[in-house]
Amino acid sequence: MDSSTTALFLCSLLWTVCAQAPVVSVEPRSAGVRQGESVSFRCRVVSGSQPVHLEWKRTNNHPLADNVKIGPDGSVLTVANTRNGNQGQYRCVATNSAGRSTMMALLTIKHSPKVRVTPAGPLRVRLGEPVALECHATGRPRPSVTWQRHGTQLVTTKTEDTSTLKVAAVSSEDAGVYVCQAQNTEGVAEVKVEVIVEGGQGAANAPKAPKATVSMAEVTAVEGHTVTMQCQATGSPLPVVSWSKLRAPLPWQHTVEGGVLTLTSVGRQDSGQYICNATNTHGYSQAYTQLEVDSPPYTTSLPDQVRLRPGDTLRLQCLAHGSHPITFRWTRVGRTGMPAGAETIKDGQLLIGQVKLNDSGTYKCVATNHVGSSEALAKVTVKA
């Protein structure tokens, strides 16, 4: 074996011994977002011999959905305008000459509860007969389910997503309105069912518990504006009306007068479910108003700086957080038009298949919704 062949063999052996398989981390490891929002996961190479190739996959080997985009270097996975089908695990796969490694990321799509009761009311039952009411609830996170009557929580039988209320032999005192309520961090939903007992005195002598109603179940406002929510309550004696917010205190800039809740200069943090509470000596009742505060987009470019060689492909992703729908428009700062071959995609991506030296410059993305607009800049440098 001559000296040149020996040297080559030793170099190859040394590379094989010293090369390290990649180690990666993912941030965040898990994320929960509401349907329609956007989210990004970043895969970072902690150690390992270069070059390292990064790739994102679904853990079930299904193809990535059309609203899932990968950054130019493969490190960032972005899900724009999320929907239920995007929920699940994603894995970042890192590969080099010494091996491969993976790291998982979990995406959860949150939504408020939905409730269904069987049988639906009004339910007529003969005195002394058994009755069973089943309440089925869905939502993410999984909601807690309760049965109530006159403001008192009742004992039920529960399975994974069903709460069953059973009465072995109904009496006239069992007549009235029963409420199944499901609640999670995203909201509250309830369904009422009336039980009519035939052959007894029925509900005629039932206590006159409160009944709360709101003027609007859903309210949409623009950031900085004033919002009013009105609640009315009936019952005997006349109920006391108060307002609260689900899992949060009321905004500090609020007033309550005559059942009317007023919020001044609302922000996105004021979005959520507001609860009108009506109470008297016979029980309580609740009614709900969902407030959504619309805001202008907050825009970023991914990446915001990039260096390329002539013939490389340029990919810039414009991301915006704010009220949907959001439209995107790319321009080049200081130039009247975009480079030849530039392609802009609806979801905010700018693509130039083969860049030239004169494609260098600053590119601007403007994101616009019905509230306003904002912009982000990306500096592109093309050098031979």
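Are Cys 318 and Cys 365 buried or exposed? Cys 318 is buried, and Cys 365 is buried as well; here "buried" means under 20% relative accessible area, "exposed" means over 50%, and "partly exposed" covers what lies in between, using a 1.4 Å probe and protein chains only. Before we go on, note that this is a predicted model, in which local features need pLDDT of at least 70 and side-chain atom pairs count only at pLDDT 80 or more, while totals for chains, interfaces and linings use all residues. Residues are numbered from 1 along each chain as its sequence is written, and side-chain values use heavy atoms, with hydrogens and water left out.

Let us stay with the cysteines. The whole structure holds four disulfides, a disulfide being a pair of cysteine sulfur atoms within 2.5 Å. One of them joins Cys 318 to Cys 365, with an S to S distance of 2.0 Å. Cys 318 sits in strand E27 (residues 314–321) and Cys 365 in strand E31 (residues 361–368), so this pair ties together parts that are 47 residues apart in sequence. Strands are DSSP runs of E with at least two residues, and helices are runs of H or I with at least four, numbered from the N terminus.

Now look at Cys 43 and Cys 92, another disulfide, with S to S 2.0 Å. The link is left-handed, with -80° about the S-S bond. Because its relative accessibility is 3%, Cys 43 counts as buried, and Cys 92, at 0%, counts as buried too.

A further disulfide is formed by Cys 231 and Cys 276, whose sulfur atoms are 1.8 Å apart. The torsion about this S-S bond is about -65°, so the disulfide is left-handed. Cys 231 lies in strand E19 (residues 227–234) and Cys 276 in strand E23 (residues 272–280), so parts 45 residues apart in sequence are tied together.

Strand E19 also leads us to a sheet. In general, strands of a sheet pair through backbone hydrogen bonds, either parallel or antiparallel. This open sheet has four strands in the order E17-E19-E22-E21, with antiparallel pairing; two strands pair if DSSP finds at least two bridges between them. At the edges are strand E17 (211–214) and strand E21 (254–257), each pairing on one side only. Strands E21 and E22 (residues 260–263) pair over four bridges, and Val 260 in E22 is the bridge partner of Glu 257.
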